[in-house]
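Here is a short report on one protein model. It looks at one helix, its packing and the loop that follows.

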Amino acid sequence: EEIADINNISNPNRIVPYTTVIIPALTEENNIYMEQIEAIDTQIDQLPKWVDYEVQAGDTILGLSYLGAGNTDEAYSIQYSIMDRNDLDNSIIVIGQHIQIVNPEIGALKKEREILREKLHESLKVSTEKSL
């Protein structure tokens, strides 16, 4: 999984022959990032996925989706999950309406995890380049 993440490979079971991939040379810095990522994954697993929310002025389903998402693509997916979870036929919500949304704490942790993955990726590139 980590090699797939580092190399932006979506399906690690289907690496095309002659594809160049980075195989990390683990350093203490890499291990620290990986430990932090694992800790965040544990935190995410322990949080409730859905929380109750009262719609405020200016809220939209997509905007609320971003709160629980780690990235833009995920926000679009969460948008439909929120609509399904709340039996909404469309994306119209009104001030004061009570709905369930994906826990914003999860979204914040996912964003933090993404930053750590980028740092890990960069540190691995440097480690690999130095070792060549």
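The sections below cover the model, the helix, the core and the loop.

## Model and conventions

This is a predicted model: local features need pLDDT of at least 70, side-chain atom pairs count only at pLDDT 80 or more, and totals for chains, interfaces and linings use all residues. Residues are numbered from 1 along each chain as its sequence is written, and side-chain values use heavy atoms, with hydrogens and water left out.

## Helix α4

Helices are DSSP runs of H or I with at least four residues, strands are E runs of at least two, and both are numbered from the N terminus. α4 has 14 residues. From first to last C-alpha, α4 reaches 20 Å, close to the 20 Å expected at 1.5 Å a residue. The expected span is 1.5 Å times one less than the number of residues. Asn 71 caps the N-terminal end, with a side-chain oxygen 3.2 Å from the backbone nitrogen of Asp 73.

Buried means under 20% relative accessible area, exposed over 50%, and partly exposed in between (1.4 Å probe, protein chains only). In α4 the buried residues are Ala 75, Ile 78, Gln 79, Ile 82 and Met 83. They lie on the same side of α4 because they cover an arc of only 140° around the axis. That arc is taken from the directions from the helix axis to the C-beta atoms. The face turned away from the buried side carries exposed Asp 73, Tyr 80 and Asp 84. Cover for the buried residues includes β1 (50-54), α3 and β2.

## Nonpolar cores

A nonpolar core is a set of buried Ala, Val, Leu, Ile, Met, Phe, Trp, Tyr and Cys residues joined through side-chain atoms within 4.5 Å. The largest one has 14 residues; Ile 61, Ile 82, Ile 93 and Ile 99 touch the most other members. α3 (61-68), α4 (72-85) and β2 (98-102) each give two or more residues. α4 gives the largest share, four residues. Another core, of nine residues, lies apart from it and includes Tyr 33, Met 34, Ile 37 and Leu 116.

Contact means heavy atoms within 4.5 Å. Beyond its neighbours within four places in sequence, Ile 82 contacts Trp 50, Ile 61, Leu 64, Ser 65, Ile 99, Gln 100, Ile 101 and Val 102.

## Asn 86 and the loop

Asn 86 sits in the loop between α4 and β2. It counts as buried because its relative accessibility is 18%. A polar atom of the Asn 86 side chain lies 2.8 Å from the backbone oxygen of Ile 82. The Asn 86 side chain also reaches the backbone oxygen of Gln 100 at 2.8 Å. Just after α4, Asp 87 takes a positive phi of about 50°.

Technical notes: A polar contact is a pair of N or O atoms within 3.5 Å; within protein, one must be able to donate a hydrogen and the other to accept it, and residues adjacent in sequence count only if both atoms are side-chain atoms.
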